Amino acid sequence: MARLRVGVDVGGTFTDLVAFDEESGRLLHLKTLSTPREPWRGFLAAVDGVGAGYDSIEVIVHATTLGTNMLLGQEGLEPPRALLITNEGFRDVVEIGRQNRPELYNLFFERPRPLVPRSRRVGIKGRIGPRGEELEPIDEGEVARVAREHCGEVEVFVVSLLHSYRNPAHEARVKEVVARECPGAIVVASHEVDPQPGEYERTSTTLVNALLKPVLSRYLSRLKAELRARGYTGELLVMRSNGGVASVEAAVEKPAAFIESGPAAGAVAVAYMSRLMGVGKALGFDMGGTTAKASAVVNGEPLVVSEYEVGGRVHMGRTLRGSGYPVRFPHIDLAEVSAGGGTIAWVDEGGALRVGPVSAGADPGPACYGRGGSRPTVTDANLVLGRLPRSLAGGAVVLREDLAREALKRLGDELGMDPVEAAAGVVRIANAVMARALRLVSVERGHDPREFSLFAFGGAGPLHAVDLARELGVREVVVPPLPGVFSALGLLLADYRHDYYASIVEKASRLADGVVEEKFRRLEERAVETLKSEGVAGEDIRLARMLGMRYWGQAYELEVPYRGSLREAVEDFHKLHEARYGYSMPGEEVEVVTARLEAIGLVAKPRLPRGEEVEHKPQPRGWREVYFDGEGWVRAGVYPREGLKPGAVIEGPAVVESDESTVLVPPGYTAKVDALHSIRIRVS
C-alpha cells in the first residue's frame with residue numbers, strides 16, 4: 001500500500017500538487033485551476049486528482065495566499081471587526097507610524113487605511129516604564145467596562161501596551177479581564193506575538209496576526225473537516241514565510257508568520273537543489289499565472305529578512321516602505337512583481353504599452369483559455385509567438401490561438417502594430433519588469449548576479465529565463481525537475497521551523513553571559529517541547545542562537561550568532577556592520593536588543609531520481625515555427641521532457657514541453673540534462 005507525503009500549493013491561477021510515495025520512491029504531480037473565492041475546493045480537487053485513497057496519505061503540507069489576499073482586499077475575505085486596547089494617549093500610534101513617505105514627490109499619496117478605525121481604538125490608564133517598572137497601575141474597572149461595551153460588537157480584542165516586551169504583567173492582566181467579561185472572544189496580546197521594542201511595529205504585527213486569526217482558523221477548520229469526511233487521518237501542516245512548516249495549531253496561533261508561504265516553498269526547493277548540485281549561489285525565479293517572484297540562495301540557504309510589509313504597494317518588485325503594514329517575523333527575502341502568465345497587457349493614456357498589474361487570474365483567465373477572458377495577457381503573447389503547446393496542465397486547459405491572436409490584434413491596433421509585434425512587445429516589457437525583481441534580490445543586496453545560476457520554475461518561468469539571464473549577465477539557467485509544480489515540491493523539502501524571541505535591551509558592557517544563557521535556556525525549553533509535540537524526535541532537533549545588536553542610539557539591529565560569549569558576539573557585530581554598511585565603530589557602546597532562537601525539526605526528504613549522464617543528441621518529436629527577437633520566425637525542434645535522459649544535449653532553437661511547464665532554448669544556446677534530470681542552459 002502506498003504511503004504518500006503530499007504538498008499542495010494554492011496559487012492565484014493554479015493549484016499545484018506533488019506527492020511522494022515513500023514505498024516506491026515515485027513522485028506524482030498535477031496542476032488544477034484554483035478556486036479563488038473558495039480555495040479549499042481547489043485544494044481538495046488537487047488531492048482527489050492523485051487517485052490514491054485518503055487512507056494512504058500520511059502527511060499533507062499546505063501553502064496558501066489567504067493572508068495576503070485578505071490584506072489586499074479580496075472579495076469574500078473581509079477582515080473581522082477588532083478592538084485595540086492600548087495606553088491612554090497612544091491609540092493613534094498605528095496611524096502615525098514611522099512617517100515614511102513611500103512616494104516622496106507624490107502630493108496625493110495616501111497612507112494605508114488603519115487596520116482598526118479610530119472608533120475602535122481605546123486608551124486605558126496604566127503604564128509600564130522602559131525598565132519594566134510599574135509607573136501607574138492599570139484601571140481594571142475601565143478595562144472591564146470597555147470589554148462589556150464592545151462584547152458582541154467585535155470578534156477580536158487586541159492588547160498592545162507600552163514596554164510589554166520588558167514586563168508583560170499589564171497586558172496579561174488586561175487579557176484576563178477581557179476574557180472574563182467577554183467569554184468566547186479572541187484576545188491577542190502583543191507580548192505573546194512580538195516581544196520586541198518598537199511600539200508601532202509590535203502593534204502592527206499583533207493587529208495583522210489578530211485579524212488573520214479567525215480567517216485562517218475558519219479556513220483550516222473547514223479544510224480539516226472536509227479531509228476528515230473523506231477519511232483522512234494523517235497530519236495537516238502549513239508552510240511558514242520563513243521556509244519551515246508547522247502544525248495547524250501553530251498556524252492559527254501566529255497566522256502572520258504564514259503570509260508568504262507559497263513563494264517561500266519555492267525558495268526552499270531552490271536551496272535544496274542548489275545543495276545537491278553543488279551550486280554555491282542561486283537566484284530563484286518563479287513565474288506563475290498571477291505574479292513572478294525572485295529569491296536568492298547563498299551557500300544552500302535562502303536569504304532571510306526579519307521584517308516585511310504586507311498589503312502595501314509594490315513598484316517594480318520593490319515594496320514601497322510605509323505603504324503597507326509592518327510584520328516582524330522572519331521571512332525569506334522575496335521580490336514579487338505583477339508579471340505572471342495571466343497578467344494583462346494594455347495601452348495607457350500616453351499611448352504606451354503596459355503590462356500589469358491587473359491579472360486575469362484563473363477565472364476568466366487569459367483569452368486563449370476560452371473561458372470568457374478577452375484581454376491580452378503574457379500567456380496569449382507566448383502562444384501567438386509559437387512558444388506554447390496546444391494545452392496546459394496535462395490537457396486540463398486547451399489553448400485557443402485564434403482567441404489569443406484576436407485579443408492581441410485589438411491591442412496591436414491601438415499601437416499601430418500587427419499581433420506578432422504586439423506579442424513580442426508584451427514579452428519584452430514583462431521581461432524588463434521581472435529582471436527588476438531579480439536585481440532587487442541580488443544587486444541591491446550587494447551580490448553580483450554574474451556569480452549566480454538562475455533556477456527557473458513555475459508554469460511560465462522556463463519560457464522567459466534565458467532572456468532574463470542574458471539581461472543580468474547570468475551564465476547558466478537551471479530548469480529543475482517538475483518546474484511547473486516546483487513550489488509544491490518545496491513543501492515536501494521543508495523542515496519544521498519556529499522562531500522564539502526574548503527581549504534584553506541592555507548595553508553589552510552591563511550584561512553577563514549568564515543572563516543571556518538563561519534567556520536562551522527558557523526559549524530552548526519551549527522550542528523542544530513544541531517540536532516534540534509535532535512528532536519530531538530529539539536527535540532531529542537543531543537549535544541556533546542569535547542576538548539582535550546595534551550601536552547605542554541606532555534604530556535598527558543586525559543579527560549575529562551567539563556561541564556562549566558576549567565578547568565574541570560584539571566582535572562579530574563590528575565585522576558584520578563593516579561588511580554591511582562599509583564602516584564600523586569599535587570604540588562605541590553596543591546594545592543587545594533581543595535574543596532569537598531558531599528551532600528546526602528535520603524531516604525526511606523525497607529521494608529525487610538520479611541517472612548516469614551519457615552524452616547523446618535526442619531527436620525532436622516535431623518542429624514548430626517560433627518567434628525570437630532579432631531572429632524573427634525560426635524553425636525550432638520540439639522535445640517531450642519525459643523522454644529526455646541524463647546526458648541529452650539539445651541545440652537551440654528548441655522547445656521542451658511537459659505537462660506542467662514549457663522550456664524555451666533560444667538560438668545560440670545549448671541545453672543539457674544532468675544526472676538529477678535538471679536542464680542546464682548555457683551559451684553555445
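Which residue's side chain meets that of E517 in a salt bridge? The partner is R545, at 3.0 Å from N to O. The notes below take this pair and other local features in turn.

1. Basis. This is a predicted model, in which local features need pLDDT of at least 70, side-chain atom pairs count only at pLDDT 80 or more, and totals for chains, interfaces and linings use all residues. Residues are numbered from 1 along each chain as its sequence is written, and side-chain values use heavy atoms, with hydrogens and water left out.

2. The E517 pair. A salt bridge here is a side-chain nitrogen of Lys or Arg within 4 Å of a carboxyl oxygen of Asp or Glu. E517 and R545 meet in such a bridge. E517 sits in helix α15 (residues 513-533) and R545 in strand β30 (residues 541-551), so the bridge ties together parts that are 28 residues apart in sequence. Helices (H or I, at least four residues) and strands (E, at least two) are DSSP runs, numbered from the N terminus. E517 is partly exposed, at 30% relative accessible area; buried means under 20%, exposed over 50%, and partly exposed in between (1.4 Å probe, protein chains only).

3. Other salt bridges. The count by this rule is 58. One of them joins the side chains of E58 and R3 (2.9 Å, N to O). That pair links distant parts of the chain, with E58 in strand β4 (residues 57-63) and R3 in the segment before β1 (4-10), 55 residues apart. E58 is partly exposed at 33%, and R3 is partly exposed at 32%.

4. E657 and R621. The side chains of these two residues also form a salt bridge (2.9 Å, N to O). E657 is in strand β36 and R621 in the loop between β32 and β33 (622-628), 36 residues apart. E657 is buried, with a relative accessible area of 10%, whereas R621 is exposed at 51%. Elsewhere, salt bridges that share partners join R497, D499, E559, R596 and E598 into one network.

5. The disulfide. The structure holds one disulfide, a term that stands for a pair of cysteine sulfur atoms within 2.5 Å. C151 and C182 form it, with their sulfur atoms 2.1 Å apart. C151 lies in the loop between α4 (140-150) and β9 (156-159), and C182 in the loop between α5 (169-181) and β10 (186-189), 31 residues away. The link is right-handed, with 80° about the S-S bond. C151 is partly exposed at 33%, while C182 is buried at 3%.

6. Backbone points to check. Most residues other than glycine have a negative phi, and most peptide bonds are trans. A cis peptide bond joins G356 and P357, with omega about 5°; P357 is in strand β24 (residues 353-359). Another cis bond joins G652 and P653, with omega about 5°; P653 is in the loop between β35 (649-651) and β36 (654-657). L482, not a glycine, has a positive phi of about 50°, and L482 is buried at 15%. H163, also not a glycine, has a positive phi of about 60° and lies in the loop between β9 and α5.

7. Q196. This residue is in the loop between α6 (190-193) and α7 (199-229) and is buried at 8% relative accessibility. Leaving aside neighbours within four places in sequence, Q196 is in contact (heavy atoms within 4.5 Å) with Y165, R202, R328, Y501 and T594.
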